[in-house]
Structures are given as C-alpha cells and as structure tokens.
Amino acid sequence: MKMESRLAQIGSIEEPVTGAVSFPVYQATAFRHPKLGQSTGFDYARTKSPTRKVLEEAIAVLESGDAGFACSSGMAALQTIFAYFSQGDHLIVSLDLYGGTYRLLEKIMARFGVTSTYVDTNDFDALEGAFQSNTKGILIETPTNPLMMITDLEQVCAWAKQKGIVSIVDNTLLTPFLQRPIELGADIVIHSATKYLGGHNDVLAGLIVTKGKELSEQMAFLHNSIGAVLGPQDSWLLMRGMKTLALRMERHEANATAIARYLLTHPLIDEVYYPALESHPGYAVQNKQSSGNTGIFSFKVKDARLVEPVLRHIRLIAFAESLGGVESLMTYPAVQTHADIPLEIRQKVGVDDRLLRFSVGIEHVDDLIADLGHALEQAQAELEGGGN
Ligand code: PLP
C-alpha cells in the first residue's frame with residue numbers, strides 16, 4: 001500500500017462493536033483480567049494501552065521497523081533510547097543538532113558516565129577519529145537542526161554496522177513520508193512527533209522505532225521501566241494529525257522552496273540553508289535518500305541588528321519556538337532552541353547571532369512572502385534611520 005493510503009487509514013481499523021471509523025480513546029489505566037493467569041493483552045496502561053498501541057503499530061510500519069514506542073515528548077524518547085547505553089559507553093553525535101539533545105547528553109547522560117563526541121557525521125576521517133574502543137552508538141540528525149547539514153545515511157549506517165555500533169537517526173524534520181532511515185540501514189529512528197507528525201502545534205509527543213528482535217525487546221523494557229509514555233488522548237490527537245501528513249508535507253515543501261528562492265536574491269540576506277536548493281552541499285545526497293524536502297530552513301541576515309526588528313515586524317509568521325506545524329513560526333536559534341550549546345561550538349558550526357530559522361507553514365505562499373518582505377523592509381528602514 002502507498003504511504004498516503006497508510007497515513008489516511010491510521011486507526012481506521014475495523015472496530016467490531018460500533019464500527020467507528022476513528023479509533024476510540026481508551027481512557028483506562030487498568031484492565032480486568034478474565035481470570036487468574038489470563039490477560040486481554042492489556043494489563044496496565046504504562047506497559048500497553050489500546051489507543052497508544054494503534055499509534056505504535058502505525059509508526060513501526062511507516063518507518064519499516066519492527067516495533068514502535070510512543071513517548072510523552074521527543075526528549076522522553078531520546079532519554080529512553082539513551083538508557084539503552086551503560087556507564088562507560090561512548091556515543092558519536094552529529095555536530096549540528098537540536099540544543100535539547102546536546103543538553104540531555106552533556107548535562108545528564110555525562111553524569112551517568114555516557115560520554116559523547118560531536119562530529120560532522122558526513123566526514124569519515126572525523127568519524128574514524130572520534131571512534132573509541134568504548135563507542136557503542138552513533139546519533140545522526142539529517143537534515144540537522146538548524147543548519148540543514150545532510151548525512152549520507154546508507155554510508156554512515158554501513159560504517160556503524162561494520163564497527164558493531166548502534167545507529168540512531170533523528171528523523172523529525174523529514175518524517176517517514178519523505179525519508180525512512182531503517183531502509184537505509186539504521187537500527188533506531190526517533191521523532192519529536194510534536195513537529196510534522198502531529199503537525200498542528202498542539203500535541204507534545206515522541207516516537208521511537210526499532211529494527212531487530214533484541215533492540216525491540218530492550219526498548220519495550222526501557223519504555224515500560226522509565227514510563228515516559230504517551231497518554232491515550234495525545235495518542236489519538238497525534239494519529240489525527242498524521243492522517244494528513246502527506247498533504248501537509250507537500251505544501252510545506254512547496255512553500256519553503258518558493259520562500260528560500262525569494263530570500264536567495266534578497267539584498268538583506270547573506271545565506272540560505274535549505275537542501276532543496278541546488279547550491280546546498282547536501283543536495284545530491286538528500287535527493288538520493290529522500291523523496292522530498294522538509295518545510296524548515298535557516299537563513300542569515302546581513303547584519304545581526306536586523307534580527308530584532310524582523311522578529312518584531314512579522315505578523316502572519318509567529319515568533320515562536322517550534323517547527324513542523326501548519327502555522328508558520330520563526331525562531332532565533334542562538335538565544336532559543338540552541339542556547340544550551342556552548343558559544344564556541346555554535347560558532348564552529350555557524351549557529352550565530354545572524355541566523356534565523358523559518359518553519360514554513362501551509363498558509364498561502366504570497367501572504368508569507370509579503371509578511372517577511374515587509375518585516376525586512378521595516379527592519380532596514382529602522383537600521384538606516386538609526387532606530388533600535
Ligand atoms: N529532535 C529534534 C530534531 C527537535 O527539533 C526536537 C525539538 O525541537 C526534539 C528532538 C525534542 O522534541 P520535543 O520538543 O518533542 O521534546
């Protein structure tokens with residue numbers, strides 16, 4: 001079955017009692033046992049819950065994995081995955097990545113003896129240089145947040161396999177509609193489902209998909225033991241959002257491509273980081289391993305003093321800290337999403353005070369360009385007039 005059909009039909013399984021087309025929210029934490037030693041398959045909601053189970057089975061199929069796990073946020077999903085590793089283990093991690101992931105690794109996992117080295121995961125010399133005898137896993141974001149760096153998943157996952165380490169891919173920005181890392185050799189996929197999968201800026205959730213029996217059993221154990229699971233209402237809301245993923249991603253990409261091209265020639269813009277542009281260094285790899293592009297990109301204004309007035313003058317586009325929803329959001333990574341990454345690392349990768357991240361929504365592209373164009377014009381006028 002094609003991905004579009006699978007998505008639209010999530011939860012529309014035959015419900016024998018009422019025939020309801022939308023899967024019900026089972027708001028229960030305990031399930032009656034038919035008799036001693038018997039179970040309906042559901043005992044206690046942390047371990048397994050009916051509405052969450054439909055979501056978990058759906059994401060496992062969509063990502064071509066063996067098992068899916070729904071968590072209370074993307075960070076909860078990452079924490080559950082990191083708990084697979086033990087004291088003394090070492091991880092290799094994408095140099096440019098979501099600031100919260102860096103914070104979890106450096107401020108929490110490091111205290112428990114799991115250390116990380118951050119490298120450009122597309123650079124094999126850097127990967128070999130970072131590899132240690134205790135390296136047990138690699139975590140890749142592709143495209144990275146916020147600089148949209150692309151990693152060749154097939155090559156890097158093959159390298160990880162040859163080294164005997166677990167490869168984990170954060171697929172938040174592309175979703176299984178556009179990229180399926182397990183088909184390219186990854187062992188684990190993680191999503192902040194708060195973003196494109198939910199798609200409406202109204203549900204916080206994380207998803208994990210594993211490949212292979214041992215990993216799937218271990219993850220089920222960790223998911224239940226840690227308990228950062230997704231509730232039935234949010235599981236339902238997430239499935240509702242996922243039904244329209246294909247349509248939304250197509251519009252996100254079309255809008256983002258048009259706006260990125262508009263900014264490329266804008267006199268106040270220095271650089272645009274978007275893998276749909278032929279000028280992007282990851283363009284060929286991105287085309288090879290995914291069937292389309294995300295709806296988020298970053299760009300640098302010529303002068304850092306333009307940032308504050310641009311954020312003040314956008315109206316339709318909200319100045320807010322997330323991505324992947326139908327509403328357009330603009331983020332200032334250096335002081336928001338990536339503030340926890342030390343300045344020297346941010347400067348090394350280019351997350352500086354001129355960088356803005358634009359999560360392009362599904363509004364009409366003309367309205368978005370008009371809003372951004374007006375904000376840039378106003379910002380320039382203020383700068384030239386000596387305003388703040
Ligand atoms: N991974 C990526 C790529 C993200 O952008 C985010 C959040 O922005 C997360 C993980 C964390 O997800 P959540 O905010 O749902 O906890």
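## Ground rules

Residues are numbered from 1 along each chain as its sequence is written, and side-chain values use heavy atoms, with hydrogens and water left out. As this is a predicted model, local features need pLDDT of at least 70 and side-chain atom pairs count only at pLDDT 80 or more, while totals for chains, interfaces and linings use all residues.

Helices (H or I, at least four residues) and strands (E, at least two) are DSSP runs, numbered from the N terminus.

## The largest pocket

Let's start with the open space. Rolling a probe the size of a water molecule over the atoms shows where empty space is left. Here that is done on a 1 Å grid over the protein atoms alone: a cavity is a set of points where a 1.4 Å probe fits but cannot get out, a pocket is an open set with protein on both sides within 12 Å along at least five of seven lines, and lining residues have an atom within 4 Å of a point. Grid points are joined across faces, edges and corners, and a volume is the space filled by probe spheres set on the points.

The largest pocket comes out at about 380 Å³. Its lining has 23 residues, and Met75, Tyr98, Ser192, Thr194 and Lys195 lie nearest the centre. Helix H3 (74-82), helix H4 (99-108) and strand E6 (188-192) each put in at least two lining residues, with H3 giving the largest share, 3 residues. By class, the lining splits into 8 nonpolar, 9 polar and 6 charged (Ala, Val, Leu, Ile, Met, Phe, Trp, Tyr, Cys and Pro count as nonpolar, Asp, Glu, Lys and Arg as charged, and the others, Gly among them, as polar).

The largest cavity holds about 40 Å³, and its lining residues include Ser94, Leu95, Asp96, Thr121, Glu141 and Thr151.

## Two buried lining residues

Threonine 151, one of the residues lining the largest cavity, sits in the loop between strand E4 (135-141) and helix H6 (153-163). It counts as buried because its relative accessibility is 3% (buried means under 20% relative accessible area, exposed over 50%, partly exposed in between, with a 1.4 Å probe and protein chains only). Leaving out residues up to four places away in sequence, threonine 151 is in contact with Thr121, Asn122, Ile140, Glu141, Thr142, Val156, Val285 and Gln289, where contact means heavy atoms within 4.5 Å.

Beyond four places in sequence, isoleucine 341 touches Leu97, Gly99, Tyr102 and Arg346. The tyrosine 102 pairing spans 239 residues in sequence, yet the C-alpha atoms are 6.8 Å apart.

## A buried arginine

Arginine 248 is part of helix H10 (residues 245-264). What is the nearest side chain of opposite charge to arginine 248? That would be aspartate 202, at 9.0 Å, so buried arginine 248 has no salt bridge (a side-chain nitrogen of Lys or Arg within 4 Å of a carboxyl oxygen of Asp or Glu). For charge, Lys and Arg count as positive and Asp and Glu as negative, while His and the chain ends are not counted.

Apart from neighbours within four places in sequence, arginine 248 has contacts including Tyr196, Leu197, His200, Met242, Val326 and Ile362.

Most residues other than glycine have a negative phi, and most peptide bonds are trans. Threonine 142 and proline 143 are joined by a cis peptide bond, with omega about -5°. Another cis bond runs from asparagine 145 to proline 146, with omega near 15°.

Serine 64, in the loop between helix H2 (50-62) and strand E1 (67-71), has a positive phi of about 60°. Serine 64 is partly exposed, at 24% relative accessible area. Asparagine 201 has a positive phi of about 55° and belongs to the loop between E6 and strand E7 (206-210). At 33% relative accessible area, asparagine 201 is partly exposed.
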